[in-house]
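Here's a quick walk through one model, taking in a recorded site and a pair of packed helices. Have the structure open while you read.

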Amino acid sequence: MMNTKTLETESNESITITSTINKQINKFTTPPWKDMPDLLTWKDMPEHLQFNPYVHTGYRPLQNVKGCLNSLFYMHNETINILTHGIPIVYILATVPTVLFWDNSFRFLSWCHLVGAVSPWCGSFVYHLFMNLERGETVYYRLLQLDMFGIWMSQSFGALPFVTASVFCLSGFLKWLTIISYCILCLWGLHKALTASSPWQRRLCFALPFLMRVLLTILRISRFGGGNPTAMVHVFLQDGVSVFGGAIGAMHIPEKWFPGLLDVIGNSHNIMHILVVVAVYSMHQATVRDLEWMWTMSNSKCGTSTNHTFDIPLINNFTTDSHSEL
Ligand SMILES: [Zn+2]
């Protein structure tokens, strides 16, 4: 009797072990896209994830880290947002460093540009991928702050080459006064961005650095300003396109006109994501031209020749090639 019971227990244990092993093997051999959960609707989501009432379906349920990572392998209403800012990270890191100036005098500004060009996508990628993490509202707002911080890095460090080039021909005192003022405005913007409580407040945090860039653009047009004249189109586009993208995102256009029809692709956030990539492309174009201009100007005097860059074929070719990179 005892022996039969022991045998039964042993056989039950071995069945449990086998089924656990089988479950584990299944788990590891199931491709991530087969793990796709049922997608939810707007009204199923917690309040902090109901930020766009015109996107009705395609919401991922609350998930753990693995679930969020697996969501890279199936379509939902954040897929386009994740891809549009995930792909530029790889592309920029692979191409931008090779076209920057890494000698002593321009190393810092080149770093500023690289960090400024890549950081918005890092913050945004992490925010969109993990926004449905099952850790509640507090973690969601931390992720949103990370997204804001990435944008801030681009507006502060990323804009320093533009600011430096714009004031390049001013006297030492005025030059440093402008650069330091810009840094102070950026720090004020960061404080406001991290403590903002509404999407509009978050957008307005970048208003003062933006206004200063507008003034610097006017300075560049005047005879007192510096910067590569061939960069002007991109100087206008770098801020113009991102302001346009921000306005579209804030107004929920076009999904406001077609509620529920643009849930997965074509909504205002998707369009805004693409427009800000275009804006950073212009920032890159303007910065490379400005760095080239400052490099040539550091060997001559401001005002002697604004087209000095065209006198140096080696640098000119280098820049022309680099422009086709992004
Ligand atoms: Zn976004």
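## Around His269

Skip the neighbours within four places in sequence, and His269 is in contact with Asn81 and Gly249 (contact: C-beta atoms, placed from the backbone, within 7 Å). Bear in mind that this is a predicted model, where local features need pLDDT of at least 70, side-chain atom pairs count only at pLDDT 80 or more, and totals for chains, interfaces and linings use all residues. Residues are numbered from 1 along each chain as its sequence is written.

His269 sits in helix H11, residues 268-297 (helices are DSSP runs of H or I, at least four residues, numbered from the N terminus). It has 21 C-beta neighbours inside 10 Å, so His269 counts as buried (20 or more other C-beta atoms within 10 Å of its own; exposed is 12 or fewer, partly exposed in between).

## The recorded site

An unreviewed UniProt entry lists His128, His269 and His273 under "binding site"; such annotations may be inferred rather than shown by experiment. They spread over 146 residues of sequence yet cluster in space, with a largest C-alpha distance of 11.4 Å.

His273 is also in helix H11. With 21 C-beta neighbours inside 10 Å, His273 counts as buried. Leaving out residues up to four places away in sequence, His273 touches Asn81, Thr84 and His85.

## H7 against H9

Helix H7 (residues 172-195) packs on helix H9 (residues 207-221) at about 155 degrees, axes 8 Å apart (axes are lines fitted to C-alpha atoms over the stretch in contact; angles run from 0 to 180 degrees between N-to-C directions). That makes H7 roughly antiparallel to H9 (angles over 145 degrees).

Definitions and conventions. Helix = DSSP H or I, 4+ residues; strand = E, 2+ residues; numbered from the N terminus. Parallel < 35°, antiparallel > 145°, perpendicular 65-115°, else oblique. Contact = placed C-beta atoms within 7 Å.
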